[in-house]
Amino acid sequence: MNIHEFQAKEILKRYGVNVAKGAVAENLEQASEILNDLEGEIFALKAQIHAGGRGLAGGVKIASSREQAIQFASKLLGMTLITPQTPKNGILVRKIYIEEGLNFKQEIYLSLAFDRNSEKISLIVSKDGGVSIEETAKQNPHLIKTISIDPQIGLCGFHTKELINFLQIDKILWSKLDTLLQNLYKIYIFKDANLIEINPLVLTQDDEFYALDAKMNFDDSALFRHEDITALNDETQTDASENEAKAQRLNYIKLEGSVGCVVNGAGLAMATMDIIKELGGEAANFLDVGGAATGEGVAKAFRLILNDRRVKVIFVNIFGGIVRCDRIAAGIIEACQSTPLGVPVVVRLDGTNAKEALDMLKNSALKGLHTSGDLFEGARLAVMLAKGEK
């Protein structure tokens, strides 16, 4: 689960990490009140969306007066921001974060992320902060250092020393940076984070470290332990169908294609999408109804997929292992009878009682229902129907 920058900074403050004074506004009246409470004449105004690349897309403005800040606020609020990390149509800006400007002498990139290959936590730092870390990795990889942390041991003094030597920071600042790193690591572990990214972490003129930006992502599977983090979820930042799927406990991700997929098991779902692509089609979604697919679950999946007007066909690919195929077939028939489809449905079943299940589907006399016992044949038929071919 992603959260907004202003929410991440509230968490940082609670753990003793310095952030500039600021507040979030949803309209110009609130923006004006915030500006009156802030000091100085330089202000940063940032669009609050769950995506990176805001600065290059015009979502971050630096104002040199309160009057200019209000002008920027009026442009940012209500704009649709498109970055490399947003959907094609962008995301509507409903909130902006306004904070005091800081005078700083150094910018650093700093993040904590989980490395699935090594099963360790990666502490990633770069001397070139405030810019795209992806571009730095391509053009100046020598400016980036990754330090692996064994979660069984935790963040230790030698990790900090290695980082400080790489950054060539004055030894006087060692204690401050070590404290900051320890606080970030506490957040990462205590809150079950997947990612904590500060870009940039700045060193001010009076030798204090401040998080000028903050991005956090948390493990969805661990949210039951963190009501405070769950409460930060902003459903306006995700697709309505994905929000509905989450409420129905379906694993669903909306994509750009026309072949709606209903599959049991994440691995089979990924393989199904790959096969559709290989056959010249495009999947409209990733949807895993779980290992024990039921009629109710399939009906929910159908209704969810049909909310997407781009869907031209539904491809059901079920392997009956935990539950028998004939029970799944009965559920599919029930779902087709109870849900107005309007698009053809291709069903591929394999596993326990697959033959009996396919016979049930063939004898159901449901219009627009096609069956297959072979994955490639079923996928090929779905792609042809999506393209309007017979």
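Mentor: Take helix α6, residues 174–190: at 1.5 Å a residue its 17 residues should span 24 Å, and its end C-alpha atoms are 24 Å apart, so the two agree. The expected span is 1.5 Å times one less than the number of residues. Helices (H or I, at least four residues) and strands (E, at least two) are DSSP runs, numbered from the N terminus.

This is a predicted model, in which local features need pLDDT of at least 70, side-chain atom pairs count only at pLDDT 80 or more, and totals for chains, interfaces and linings use all residues. Residues are numbered from 1 along each chain as its sequence is written, and side-chain values use heavy atoms, with hydrogens and water left out.

The buried residues of α6 are Leu177, Leu180, Leu181, Asn183, Leu184, Tyr185, Ile187 and Tyr188; buried means under 20% relative accessible area, with a 1.4 Å probe and protein chains only. Just after the helix, Asp192 has a positive phi of about 55°.

Tyr188 and Asp192 are also among the residues that line the second largest pocket, together with Phe114, Arg116, Ile121, Ile189, Ala193, Asn194, Asp219 and Ala222. On a 1 Å grid over the protein atoms alone, a pocket is an open set of points with protein on both sides within 12 Å along at least five of seven lines, and lining residues have an atom within 4 Å of a point. Both α6 and β10 (193–204) supply at least two residues each to this lining. The volume of the pocket is about 160 Å³, taken as the space filled by probe spheres set on the points, which are joined across faces, edges and corners.

Terms used:
Buried means under 20% relative accessible area, exposed over 50%, partly exposed in between (1.4 Å probe, protein chains only). On a 1 Å grid over the protein atoms alone, a cavity is a set of points where a 1.4 Å probe fits but cannot get out, and a pocket is an open set with protein on both sides within 12 Å along at least five of seven lines; lining residues have an atom within 4 Å of a point.
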